[in-house]
Number of protein chains: 2
Amino acid sequence: MTTAPETSGNWIDEHHNGVRYGLKGRVLVEEQSDFQRITVIDSQRYGKGLLLDGCWMTAEHQERHYHESLVHPALCTAAAIERVLVIGGGDGGTARECLRHPGVKHLDLVEIDGRVVDLSQEHLPSIGGGCWNDPRFHLRVADGIAWAAEAEDASYDVVLVDGSDPTGPAEGLFNRAFFSNCCRILKPGGVFATQSESPEAFRQVHIDMVKLIRELFGHADPLYGWVPMYPSGWWSWTFAAKDGPRYLTVQSERAAAVAEGCAIWSPRWQQGAFNTIPAFIERELNP
Amino acid sequence: MTTAPETSGNWIDEHHNGVRYGLKGRVLVEEQSDFQRITVIDSQRYGKGLLLDGCWMTAEHQERHYHESLVHPALCTAAAIERVLVIGGGDGGTARECLRHPGVKHLDLVEIDGRVVDLSQEHLPSIGGGCWNDPRFHLRVADGIAWAAEAEDASYDVVLVDGSDPTGPAEGLFNRAFFSNCCRILKPGGVFATQSESPEAFRQVHIDMVKLIRELFGHADPLYGWVPMYPSGWWSWTFAAKDGPRYLTVQSERAAAVAEGCAIWSPRWQQGAFNTIPAFIERELNP
């Protein structure tokens, strides 16, 4: 299934369950790749932006909420961060934030759709920033599900999943087989993180994901933040580890290396964001 | 200035700086009161909803984020809660949450626009719930700015401001004279709270409000949460006290009396929500 965003007049909208979120602007690119419908727009409010299958992914002036929330709680808490795997994230924003950590020596970015990379490099160069030319960065245009299945046991310190919603090419990034492989390929002391949808717009998907990841890794907790352009604006990322909830404890030296360049993330913000679990979710996850 | 919401086909939208947030549904009431344009809709996603001057105010199935976030951090932390003043809040939701606290003996709700009360009672009865008939509840259809100016010194334990954006009739709820009166009429050990806009969609208004309230009361901090239907979905409420940041410390007996009936709020959530201050705001507020 591929879907173009709704457009009317100067508005480009994502529609979700009787709600629409629109940006005023114009469509720059609208194409069908081998995997999905890709749309690049130029918006008045957030600069250039990307949609996949009609859903907002990122935009120049609103990408830091998402990328900082996914990256720094993992990179500041894993025992080591030498080898990092990013699955998805073809816009480069997740890789860019990871590579701000001097401890990262090798980063594999596995993006299934090379056209997302091409169009991001052409139209959204600020999102990837210097990542594309960083010698530590390795682009693999490949299926992230297969990559996780084939990678060696205990081969990554950090595994980050930066995928779209559980329909279309990202569907397999939400199931037991995939998360089991992510757990298997994580080194001892490693941290796994994935975007885990909106607790409001995708409530059941969110709850089921956290429960499944907790079952497989032993320890997992959601962190709540904001991505104003996504359905409801309220978003979550889930962090997991095998040797205890180490994702809760920030290493201050790592934090000091990146904090000044952050718009959203700080150790204080992270501590808060793990606690702003709404009562209706806490009753389901921690009864 | 009064503005009707934008409607096209089955969509009712709030427009804000090149962004639109729309709900699919139909308009039930559209009228001009003495103060503002009032719109009541029936939406597919959130049930019946209210707009004032084209801005989303509340909806049946999405009102608890706002009301629980404003009420319980104040009512669970003030030294006493016998006398409560609510300015605005004509839909009744704030009063309803306050009156769940058995310690509240007298609540004045001062709403400038009686038509908001009438239409809320008629179309959104679940939002006010039992408040309208509670013997502790006193409806005052009057100007809240004048009410605060004329109230006696130290006459309320808690003062809550549940107003709309700083244009139209709510404009005077955002300035030094008004906040000074709120401070003056608060009893020792009292807590003041107001919605304080979105740190994203109304960044400068938000920062200026927190700074001003902090200057006047001595202690003030923003708390961050979500109102999916508001611009950006990311919203804030600011809490203030004269005798120290007492709004940070929840009284467990008060919490126990209301927690079970909450969708969002819990002591843990509150603690988190005071800490999820984004780095770009913290640098301005706590340099």
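Which elements of chain A and chain B do the buried residues of α9(B) pack against? The buried residues of α9(B) pack against α9 and α10 (279-285) of chain A, together with α1 (64-75) and β12 (219-226) of chain B. The model is predicted: local features need pLDDT of at least 70, side-chain atom pairs count only at pLDDT 80 or more, and totals for chains, interfaces and linings use all residues. Residues are numbered from 1 along each chain as its sequence is written, and chains are lettered from A and ligands numbered from 1 in the order in which they are written.

**View 1. Buried residues of helix α9 in chain B.** The buried residues in α9(B) are Trp269(B), Gln270(B), Gly272(B), Ala273(B), Phe274(B) and Asn275(B). A residue is buried if 20 or more other C-beta atoms lie within 10 Å of its own, exposed if 12 or fewer, and partly exposed in between, with C-beta atoms placed from the backbone. Helices (H or I, at least four residues) and strands (E, at least two) are DSSP runs, numbered from the N terminus.

**View 2. Helix α9 of chain A against helix α9 of chain B.** The axes of α9(A) (residues 267-275) and α9(B) (residues 267-275) come within 7 Å and cross at roughly 150°. The two helices are therefore roughly antiparallel. Axes are lines fitted to C-alpha atoms, for helices over the stretch in contact, and angles run from 0 to 180 degrees between N-to-C directions. Angles under 35 degrees count as roughly parallel, over 145 as roughly antiparallel, 65 to 115 as roughly perpendicular and the rest as oblique. The crossing of α9(A) and α9(B) is left-handed; this term applies if the near helix is turned anticlockwise from the far one by less than a right angle, and right-handed applies if clockwise. On the α9(A) side, the contact is made by Arg268(A), Trp269(A), Gln271(A), Gly272(A), Ala273(A) and Asn275(A). On the α9(B) side, Arg268(B), Trp269(B), Gln271(B), Gly272(B), Ala273(B) and Asn275(B) take part. Two residues are in contact if their C-beta atoms, placed from the backbone, lie within 7 Å. The residues of this contact divide into 4 nonpolar, 6 polar and 2 charged. Ala, Val, Leu, Ile, Met, Phe, Trp, Tyr, Cys and Pro count as nonpolar, Asp, Glu, Lys and Arg as charged, and the others, Gly among them, as polar.

**View 3. The side of chain B that touches chain A.** The contact takes 36 residues from chain B and 36 residues from chain A. In chain B, β3 (19-32), α9 and α10 (279-285) each supply at least two residues of the side that touches chain A. By class, this side of chain B has 17 nonpolar, 13 polar and 6 charged residues.

**View 4. Domains 1 and 2 of chain A.** The domain assignment, which is automatic or from a database, gives domain 1 (6-62) and domain 2 (64-285) of chain A. Their centres, taken over C-alpha atoms, are separated by 23 Å. The contact takes 24 residues from domain 1 and 23 residues from domain 2. Among the elements of chain A that give two or more residues to the domain 1 side are β2 (11-16) and β4 (37-43). β6(A) gives the most to that side, with 5 residues.

**View 5. Helices α6 and α7 of chain B.** The axes of α6(B) (residues 176-184) and α7(B) (residues 203-217) come within 10 Å and cross at roughly 40°. α6(B) is therefore oblique to α7(B), and the crossing is right-handed. Arg176(B), Phe179(B), Ser180(B) and Cys183(B) in α6(B) meet Leu212(B), Ile213(B), Leu216(B) and Phe217(B) in α7(B). The contact has 6 nonpolar, 1 polar and 1 charged residues.

View 6. Asn17(B) is placed in the loop between β2 (11-16) and β3 of chain B. Its phi is near 50°, a positive value in a residue other than glycine. Asn17(B) counts as exposed because it has 12 C-beta neighbours inside 10 Å. Ala154(B), in the loop between α5 (144-150) and β10 (156-162) of chain B, has a positive phi of about 50°. Ser198(B) lies in the loop between β11 (186-195) and α7 of chain B. Ser198(B) is buried, with 24 other C-beta atoms within 10 Å.
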